[in-house]
Amino acid sequence: MSLDLLKDKGTPIEKQKFTWRDIVQKPISKLNDDAFTRIRIILMNGIEHEANRFSHFFARVNKEMQLPLAKIRRIEQHQQTMINWLLGADHSPLETTIGYEQVAIEVTAAVAQKEPDSYLAQNYRYGLLEDFDHMYRYSALMDRLEGKDANNILQNYTDVITGRPTIIEHRDPEDDLRNHYDRKNAAFITKLHALTIMSGEQQTHNYYMNIGPLFSDPIARQLYAEIAHIEEQHVTQYESIIDPHETLMEKWLMHEATEIYNYYSCVAYETDPRIKAIWERFLDYELGQFQVVKELFKKVENRDPEEVISAKLPDPIEYKSQRDFIRDVLKEEVGFRSVGKDFVKTPEEESRISREYRDQLNSQGSPSESVATGYIYKPGTELNNLDLVVKH
Amino acid sequence: MDTQKATEFGMNRTGTKYNLDEAIKTAEGAKKLTSPPKGDGLTVFCDKRMEYIRESDAVGTVPTPTSLKGMLSSLMEKMKKGDHSFIDKLGERIAFERTGTRLYEALIAKYEGSADKANFPDLSVIKKFHHEELSHFRLCCEAMEEIGGDPTAVTPSADVAGVAAAGWVQALGDPRINFKQSLEVILQAELVDNDCWDVLIGMAEDLGLNTLVDKFEVAKIEEDIHLSTIRAWVKEMNLAPGTSIKSSEINRPSQVIN
């Protein structure tokens, strides 16, 4: 499947209609659907959520664009709802959390390997090892709180191992900001990656902030408070890599292009035919929305959309287990720290302000350390005495 | 996937044996590559929980009765000593019976929505139980009024029961959870309901609330029938598929209450 963003018209926005029955469909099966189907659902919910938030911000600072923004935003609202409601209610909030961290790990790892800008690729690998550690901490919580095995959600695609320990991920905001790509010279895929990963992390932050207080156990409440803090850092980090000099029209065009790219990637890898049909439908919807924004861009900015996007999409995001790549990164880069906008290779080189910041925050104990004390993941939970038996 | 065939074999991907080679990588990687925080997890978990338990407030308080008219002196005495447990537990029954009524409504929808009802129990009995749960709710509301309490308030025990019942409500509401599975959830609710009535009656007896005890005893007889009937249905549907139980066989208290 090859798409041309400038020529493929998709579904005209006037025909992008929904009913409540259509929006609220059968959810996926937690037991039978592939974990990557859930990963795509969680990510696409985040992509659409970012579209919504960006659109609202734009409308607050630009009277002229309020109506076209509102029209497209309304459609995206329905898209996001349909996607998010595909998660079955038998997922506990903690199980969905495991799904969110799997998104952060697998999608960021896929993006890190395809990112042509080596500095940004380093950014992705850096963030990846932090989300990787969150998976370990949440898995310990799930085991010890609910008596459940994280691998029931992960389906053997993703490791449950310590990454860069969450306790030392907390740093001063000065060490969170990064250099941004240059909007005039960056590759199209670089821009798509940045917006994709930022959107995913932003939704993860939103999710933890919403569900954290739903837990009754103080250990869970503390852990969500702590990891939500890191997700806030991640949004700070990832939004700073996006060129702030892009005009709002340019950013809107990039949002639509990113949505197209992500639905296109979902279509390429989806194994559930019913869900694939939704991705195909929304890919057509996004192409239709892109046409509207493209014309507005030309009219308002009086310049060629190809200054911002390319007509041809890059290869889709690879939805497959990235276990080997992640283990390599873990081995080589777990000791890395960020100092200002750069990375250093050893903890000793870390800035004083981040150390002091972290020491104060952790001075009454560390939830992520407490929850995982002595924890080593085991299939069937740490209560299980049986080892895996290989039978041929 | 047909909800009534929820027990058939299929592509369940949750276990390690679904993809053993990858599962071994996960298990061995965890063993070799994890650097856990040092210490005993169980002790740390318990210590952290205790830290919060010690400084926690209660979920709330029992609402003060608005009128002491007609209140028995025994109840008044208890309340003077700060013991509001009867109002608390009566409030719990109000909340529980109200949610129980809604659970039966969801169960009836599961029944009606099932394509194949061949082995299902008698719907009229389920509807009768639904009606009785509603009447128990109203009975408890009247009792609360009689002793000067507020039947619309949420007492602490009612709140706790609501938290505990949240899973039942989720399960009954899920269209993928079939009639038999839903009936099993109702059995859990009836087991709790039954024991709670015993406690409430005991408390009413202690207080000498004889009129209430008599009314509660009638409700308890009905609850006993609910429990024994649902229990029998669950057994039947699991152990001997194809055999339904007729209402005429289960709807006689003398047969089912032993």
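Where in chain A is L87(A) found? In this predicted model, L87(A) sits in the loop between α3 (66-84) and α4 (93-114) of chain A.

## Around L87(A)

L87(A) has 18 other C-beta atoms within 10 Å, so it is classed as partly exposed; a buried residue would need 20 or more, and an exposed one 12 or fewer.

Setting aside neighbours within four places in sequence, L87(A) makes contact with P27(A), I41(A) and T96(A).

## Chain A as a whole

Chain A contains 13 helices and 2 strands. Its C-alpha atoms fill a box of roughly 60 × 50 × 40 Å along the principal axes. A compact globule of 392 residues would have a radius of gyration near 21 Å, and chain A agrees with this because its own value is 21 Å.

Of the 392 residues in chain A, 49% count as buried. Among contacts in chain A with a separation of 6 or more, 82% join residues 24 or more positions apart.

## Helix α10

Helix α10 of chain A covers residues 273-301, which is 29 residues. At 1.5 Å a residue it should span 42 Å, and its end C-alpha atoms are 41 Å apart, so the two values agree. Just after α10(A) comes N302(A), which takes a positive phi of about 55°.

In soluble globular proteins, nonpolar side chains tend to be buried together. Here the largest nonpolar core has 99 residues, and the members that touch the most others are L128(A), L141(A), L253(A), A257(A) and I260(A). Helix α5 (residues 118-146) of chain A gives the most to this core, with 12 residues. A second, separate core has 23 residues, including V62(B), A143(B), M144(B) and I147(B).

Which residues does L253(A) touch, not counting those up to four places away in sequence? They are V293(A), K294(A), F297(A), P305(A), V308(A) and I309(A).

## Where chain A meets chain B

The contact between the two chains involves 29 residues of chain A and 32 residues of chain B. On the chain A side, the elements that give two or more residues are α6 (151-154), α8 (218-240) and α13 (367-371). By class, this side of chain A has 13 nonpolar, 9 polar and 7 charged residues.

Note on methods
Residues numbered from 1 in each chain as written. Chains lettered and ligands numbered in written order. Predicted model: local features only at pLDDT ≥ 70, side-chain atom pairs only at ≥ 80, totals over all residues. Contact = placed C-beta atoms within 7 Å. Helix = DSSP H or I, 4+ residues; strand = E, 2+ residues; numbered from the N terminus. Nonpolar A, V, L, I, M, F, W, Y, C, P; charged D, E, K, R; others polar. Expected span 1.5 Å × (residues − 1). Rg over C-alpha atoms; globule rule 2.2 N^0.38 Å. Core = buried A, V, L, I, M, F, W, Y, C linked by C-beta atoms within 7 Å.
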